[in-house]
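Here's a quick tour of one protein model for anyone new to reading structures. Keep the sequence and the 3D view open while you go through the points.

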Amino acid sequence: MNDANDNSIIIIGAGFAGLSAGIYGRMNGYKTRIFEMHDKPGGLCTSWKRKGYTVDCCIHWLVGSSQESRMHDMYDEVGLIKDTQIINMDEYMHFESPDGRILTFYTDINRLEKHLLEFSPGDREPILEFINGIKMCLPFDQPSKHAPFPKRLVKQARLLTGFIKNGNKMQKWMKVTCEEFANRFKDPMLRKAFNEIWFPEFSMMFMLFTFAYLHNKNAGYPVGGSMPMSESLEERYKSLGGTISYNSRVEKIITENGKAVGIRLSDGKEHFCSRVISAADGYTTIFKMLEGKYADEKIKSNYEKWPLFPSLIFVGIGVNRTFNEIPLSVSGFSYELKEPVMIGETERDRLWVHLYNHDPSMAPSGKTVLTIMLATDYDYWKKLAEDKTAYNQKKEEIADKIIELLEQRFPRFSSQVEMRDVSTPMTFERYTGNWKGSFEGWLITPDNAHVLMKPLSQKLPGLSNFYMCGQWVEPGGGLPTGVMSGRRLIKSICREDRRKFKTDPGKI
Ligand SMILES: Cc1cc2nc3c(=O)[nH]c(=O)nc-3n(C[C@H](O)[C@H](O)[C@H](O)COP(=O)(O)OP(=O)(O)OC[C@H]3O[C@@H](n4cnc5c(N)ncnc54)[C@H](O)[C@@H]3O)c2cc1C
């Protein structure tokens, strides 16, 4: 039976957002129980072991990794990256061309500016615009509350004046896509790189902010990768007395008279509570668990129109060699193939490789893991998966093809391969439930960039005691957003209950 006053909250999903909502919920005296369909915490922030290698499927950079940043305070609260070594790399990534030219996206913007101008003097105008755009975003990094008062004051004043001075410019950048900006360059490599570095329809604003965080050394790589981060959130949550039920898929959110009162699992068991939070996939939550009954026109239109981070063919390869000659980088490097090839449903002329030569914990000594992320069409894989044999064959074919293509770049590569692992949109869907296998929810595009200023509602119209958090209510997604989203939600629930929001456990 439902007892509306018992302070109990059911949370669907143990990804970053669900775990964070659980942690802040416990800190504020709520009785929380997370139901997670998988047998592990973390959702998309995950990795898996194969033949002694770790295939990491998430973290490249963690915004908020610097102890000087306000976001880091939040990580302290939830127990993230407490004793983790953080590496700030000199390179974001580099692009190689067959004629030996190398275009490097350095994380230090002064070095980046110098290099880009040397690389293509004829593109001075868009290069300087890009660099100035990054400079504009540099102050938008809230200082840690632990910073000495004068330093905090200066930083906050800079943030405020930056906002007042650059508000209009930011609006303009939000409306420019990467593709539109890329087309401003005369040099074909720069054009290609600006299109490839993120996604063509992505708002340039996102790229500017990322480079600003990288320059500020506030978007480092946590050694050990994704899974230890998810496990540390789980540990924090459990240490606060929170409970998690794994292998528990929620099928339905039970409502009574416009009020969420509980959930039903796929095994038919029902659980009741005062409030329900879904930190799971947005589409499944709204249109399946709630049967579309609480979606107004605006919500429906978002799900119809806003483009998603695509789904991926995600290939992990373990090789018995090192790559000391390749500089450490946040996102790897991209090289041109001898000739275009079909991989999955798409013809590709370059291969983008992420080398884990910066994280020795990912492979046995003297060996390395490489990952390759290829955007792909969900429907193509959905159809293919109807025939299990054809689907498995395609995965093998792709692994063979990638190894052959890597041999173009690294002679004798294929003889050094010890592990190969291919995931598809079906894998992403099966393990995380994300709509169309998307790897980060909604893209920030000119159509929805306003949410950077005014976040989406965490409630649905006409349904009380129900809330959402995570990447489907925070376009742009990402791990910091997951934590912030869980925090924002519990804070607003505390406000509803006229409780003072607490970020340390105190007496529960
Ligand atoms: C390849 C890749 C690279 C990335 N790189 C970065 C990066 O460098 N930096 C960064 O910040 N972010 C990165 N991200 C994005 C980041 O991982 C996600 O945005 C973030 O993890 C989303 O967290 P979430 O909690 O909102 O959602 P999810 O992680 O999707 O969590 C949702 C949880 O709900 C569970 N669930 C779903 N349906 C049900 C159900 N019916 N019943 C019970 N449980 C259910 C799922 O199993 C999952 O555990 C990357 C992601 C990928 C895949």
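Which residues of α2 are buried? They are Met71, His72, Asp73, Met74, Tyr75, Glu77 and Val78, where buried means under 20% relative accessible area, exposed over 50%, and partly exposed in between (1.4 Å probe, protein chains only). Keep in mind that this is a predicted model: local features need pLDDT of at least 70, side-chain atom pairs count only at pLDDT 80 or more, and totals for chains, interfaces and linings use all residues. Residues are numbered from 1 along each chain as its sequence is written, and side-chain values use heavy atoms, with hydrogens and water left out.

**Helix α2**
- At the start of α2, Ser69 has a side-chain oxygen within 3.0 Å of the backbone nitrogen of Met71.
- Just after α2 comes Gly79, with a positive phi of about 80°.

**Ser278**
- You'll find Ser278 in strand β14, residues 275-278.
- Ser278 counts as buried because its relative accessibility is 0%.
- Leaving aside neighbours within four places in sequence, Ser278 is in contact (heavy atoms within 4.5 Å) with Ile12, Thr285, Phe466, Tyr467, Met468 and Cys469.

**Paired strands**
- Strands β16 (333-343) and β17 (346-355) pair antiparallel over 7 bridges; DSSP must find at least two bridges for strands to pair.
- Val341 has Arg348 in β17 as its bridge partner.
- The hairpin of β16 and β17 has 2 residues between the strands, and Gly344 takes a positive phi near 65° there.
- β17 also runs antiparallel to β18 (368-376), joined by 2 bridges.

**Nonpolar cores**
- The largest nonpolar core has 132 residues; such a core is a set of buried Ala, Val, Leu, Ile, Met, Phe, Trp, Tyr and Cys residues joined through side-chain atoms within 4.5 Å.
- α8 gives the most to this core, with 9 residues.
- Apart from this core lies another of 31 residues, including Val353 and Trp381.

Notes:
Helix = DSSP H or I, 4+ residues; strand = E, 2+ residues; numbered from the N terminus. Polar contact = N/O pair within 3.5 Å; in protein donor to acceptor, adjacent residues only side chain to side chain.
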